[in-house]
Amino acid sequence: MKRYLKLALLTTLFCTSAFAAESAQSFGVVNFGTCVSDSKLGIQEQASFEALKKQMASLLEDTEKQLNDLTAKFNDPDYLDGLSPEAEEELKNKFRSLNEDLNRYQNQYYQVMNQANMRIVQTLSNGINTASEKVAKDKKLSVVFNKEACFYYTPALDVTKLVIAEMDKAFVPEMKKPTTTPTENPTDGTQAEQKQK
């Protein structure tokens, strides 16, 4: 009876060890951040985000510059003395209007940047998911984890380079689209520059 128990115990240990070894080999880990920074898709999406950010910031800076110019005029007593009451009222109206524009542009800036960021994360997540699935099938992996979900993993489980390679194979460069800002600024050349781009 003891002999059978020992045999059963040895068989169980062997099976458990074999299962553990097989399971360890069937896992993969992907570094999401590296996929974003090194893949063609990630580089394209980051460039699009920076271009949009620059475009929106340019609109804000131009409006701020105009407001600063008007503020300087209001702080110049000699300039104000040379204005008719109608011209001074027109200057005040322009200042109020620019102030409202600036507040609106600031709100739009944060909203557009947040939406663009969410879109980029979604696009990259989809790309990484698709590439991870392909790598998992090729390497016969049961699971591919995001590195952020792991406290520790052996470097042998890292399939990030393979995932990036698959992402780059599937990469289709984005066609240049004309970019537009949410609101026109009639007092500058931003719109004309955008149309040229």
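In the largest nonpolar core there are 29 residues, and of these C35, V163 and M167 touch the most other members; by such a core I mean a set of buried Ala, Val, Leu, Ile, Met, Phe, Trp, Tyr and Cys residues joined through side-chain atoms within 4.5 Å. The elements that contribute two or more residues to this core are α2 (32–38), α3 (40–74), α5 (85–139) and α6 (160–170), and α5 gives the most, with 14 residues. Helices here are DSSP runs of H or I with at least four residues, strands are runs of E with at least two, and both are numbered from the N terminus.

Let me be clear about the source: this is a predicted model, in which local features need pLDDT of at least 70 and side-chain atom pairs count only at pLDDT 80 or more, while totals for chains, interfaces and linings use all residues. Residues are numbered from 1 along each chain as its sequence is written, and side-chain values use heavy atoms, with hydrogens and water left out.

Now the overall plan. The protein has seven helices and two strands, and along the sequence these follow the pattern α-β-α-α-α-α-β-α-α. Of the 197 residues, 29% are buried, where buried means under 20% relative accessible area, exposed means over 50%, and partly exposed lies in between, with a 1.4 Å probe and protein chains only. Taking contact to mean heavy atoms within 4.5 Å, 82% of the contacts between residues at least 6 apart in sequence join residues at least 24 apart.

How do α3 and α5 run relative to each other, parallel or antiparallel? Their axes come within 10 Å and cross at roughly 170 degrees, the axes being lines fitted to C-alpha atoms over the stretch in contact, with angles from 0 to 180 degrees between N-to-C directions. The two helices α3 and α5 are therefore roughly antiparallel, a label that applies to angles over 145 degrees.

L41, in helix α3, is buried at a relative accessible area of 15%, and beyond its neighbours within four places it is in contact with T123, L124, G127, M167 and F171. The C-alpha atoms of L41 and I164 are 9.3 Å apart, although 123 residues separate them along the chain.

V159 sits in the loop between β2 and α6 and counts as buried at 7% relative accessibility. Leaving out residues up to four places away, V159 touches G28, V29, V30, V135, L141 and V144, and its C-alpha atom is 8.3 Å from that of N31, 128 residues away along the chain.

By contrast, T130 in helix α5 counts as exposed at 56% relative accessibility, and yet the C-alpha atoms of T130 and M167, 37 residues apart along the chain, are separated by 8.0 Å.

Finally, what is the phi of K140? K140 is not a glycine, but its phi is positive, at about 55 degrees. This residue, K140, lies in the loop between α5 and β2 (143–146) and is exposed, with a relative accessible area of 68%. As background, most residues other than glycine have a negative phi.

Notes:
Parallel < 35°, antiparallel > 145°, perpendicular 65-115°, else oblique.
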